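Here is a friendly briefing to read beside the model. Keep the viewer open and follow along topic by topic.

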Amino acid sequence: MSRGNLATSYQQAGRTPEAIVLLERVLTDRERILGPDHPDTLVSRGNLASSYQQAGRTPEAIVLEERVLTDRERILGHNHPDTLVSRGNLATSYQQAGRTPEAIVLEERVLTDRERILGHNHPDTLTSRANLAVSYWQAGRTDGALDLLRSVVEGRVRVLGPAHPDTVVSRAGLATMLTRRGRALLPGDAAGAWQDAAEAVGAVGPYLADDPATYGPALAEAYGLAAAVLDADGQREAAADFRSRALQAAGTALPPHPDHDTGGRSL
């Protein structure tokens, strides 16, 4: 097994420090033998940046990723698929470093380029849209984040299918985002919070049996929001019912009974 392949295996096994030692040596050797601009050298630099990121060494990862992006733009062109990947990787590192505005600039560009080059429904385009949604959310651009994530769910259902892991993650993410926005609306906007709870339940509730480990916690949070709205409205019995549903979703992963009385509100 080559040194690079062994490093990849270490990385996949969670043995990141050992992977970094090998990847640093591979990068040094490739820069010396192949030159700093050789495609394989750029790949090695990107792999090392990824390992730095996994090890929590984000500033060092950013330095490498900025160089990889600059080199790929110069050598491969701004629209080459590898350049788009590098731009997206750098955006992720910016996001993790709390440099959200800079991440958004890059992610918006990656999304625009992938929509133009790959199409609106390509899996990589959908991933870019999901990444931008997270950055919008972190920047407080809640409505924009939700609109993007709704589009991601619709696209992944159509392209990948309802049971694909990426579809499941995006559904659960949408429900969680809606629930958190709804929590922030209380106590002043109970109607808006209820609408968010209803949409969150609709996003994951019908699919709970497909992936209870992922959907269960998101559904439990949505039911918890519904209970909070009902509590604020003085509907204690109905609120208790939704708290029970939340416990059921989180604990047993069984769908709620469709005939439960919701105290005059319908989810």
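Which residues in H5 meet which residues in H6? Leu84, Val85, Arg87, Gly88, Leu90, Ala91, Tyr94 and Gln95 in H5 meet Thr100, Glu102, Ala103, Leu106, Glu107, Arg109, Val110, Asp113, Arg114 and Ile117 in H6, where contact means heavy atoms within 4.5 Å. By class, this contact has nine nonpolar, three polar and six charged residues; Ala, Val, Leu, Ile, Met, Phe, Trp, Tyr, Cys and Pro count as nonpolar, Asp, Glu, Lys and Arg as charged, and the others, Gly among them, as polar.

This is a predicted model, in which local features need pLDDT of at least 70 and side-chain atom pairs count only at pLDDT 80 or more, while totals for chains, interfaces and linings use all residues. Residues are numbered from 1 along each chain as its sequence is written, and side-chain values use heavy atoms, with hydrogens and water left out.

**Overall picture**

- The chain has 12 helices and zero strands, both taken as DSSP runs numbered from the N terminus (helices: H or I, at least four residues; strands: E, at least two).
- The C-alpha trace spans about 75 × 35 × 30 Å along its principal axes.
- Of the 267 residues, 43% count as buried; buried means under 20% relative accessible area, exposed over 50%, and partly exposed in between, with a 1.4 Å probe and protein chains only.
- Taking contacts between residues at least 6 apart in sequence, 53% join residues at least 24 apart.

**H5 and H6**

- Helix H5 covers residues 81-96 and helix H6 residues 100-117; they pack at an angle of about 155 degrees, with their axes 8 Å apart.
- Those axes are lines fitted to C-alpha atoms, for helices over the stretch in contact, and angles run from 0 to 180 degrees between N-to-C directions.
- The crossing of H5 and H6 is left-handed, which is the case if the near helix is turned anticlockwise from the far one by less than a right angle; clockwise would be right-handed.

- Ile62 sits in helix H4 (residues 58-75) and is buried, with a relative accessible area of 5%.
- Not counting residues up to four places away in sequence, Ile62 touches Leu90, Ser93, Tyr94, Ala97 and Arg99.
- Ile62 and Ile104 are 42 residues apart along the chain, and their C-alpha atoms are separated by 15 Å.

- Helix H9 (residues 165-185) and helix H10 (residues 190-204) have axes that come within 8 Å and cross at roughly 165 degrees.
- H9 and H10 are therefore roughly antiparallel to each other, and their crossing is left-handed.
- Residues of H9 including Leu174, Ala175 and Leu178 meet residues of H10, among them Ala193, Ala200 and Val204.
- By class, the contact of H9 with H10 has nine nonpolar, three polar and four charged residues.
- Pro187 lies in the loop between H9 and H10, and a cis peptide bond with omega about 5 degrees joins Leu186 to Pro187.
- For context, most peptide bonds are trans.

**Aromatic pairs**

- A search of the whole structure finds three aromatic pairs: rings of Phe, Tyr and Trp (its six-membered ring) pair if their centres lie within 6.5 Å, and planes under 30 degrees apart count as stacked, over 60 as edge-to-face and the rest as tilted.
- The ring centres of Tyr207 and Tyr215 are 6.4 Å apart and the planes lie at 45 degrees, so this pair is tilted.
- Tyr207 is partly exposed at 25% relative accessible area, whereas Tyr215 is buried at 1%.
- Tyr223 and Phe242 also form a tilted pair, 5.8 Å centre to centre with 50 degrees between the planes.
- Tyr223 belongs to helix H11 (residues 212-232) and Phe242 to helix H12 (residues 236-251), 19 residues apart, and both are buried.
- Ring pairs link Trp194, Tyr223 and Phe242 into a cluster.

**Pro123**

- Pro123 lies in helix H7 (residues 123-138) and counts as partly exposed at 35% relative accessibility.
- Leaving aside neighbours within four places in sequence, Pro123 is in contact with Val159 and Leu160.
- Pro123 and Val159 are 36 residues apart in sequence and 7.6 Å apart in space, C-alpha to C-alpha.

How values were computed: Parallel < 35°, antiparallel > 145°, perpendicular 65-115°, else oblique.
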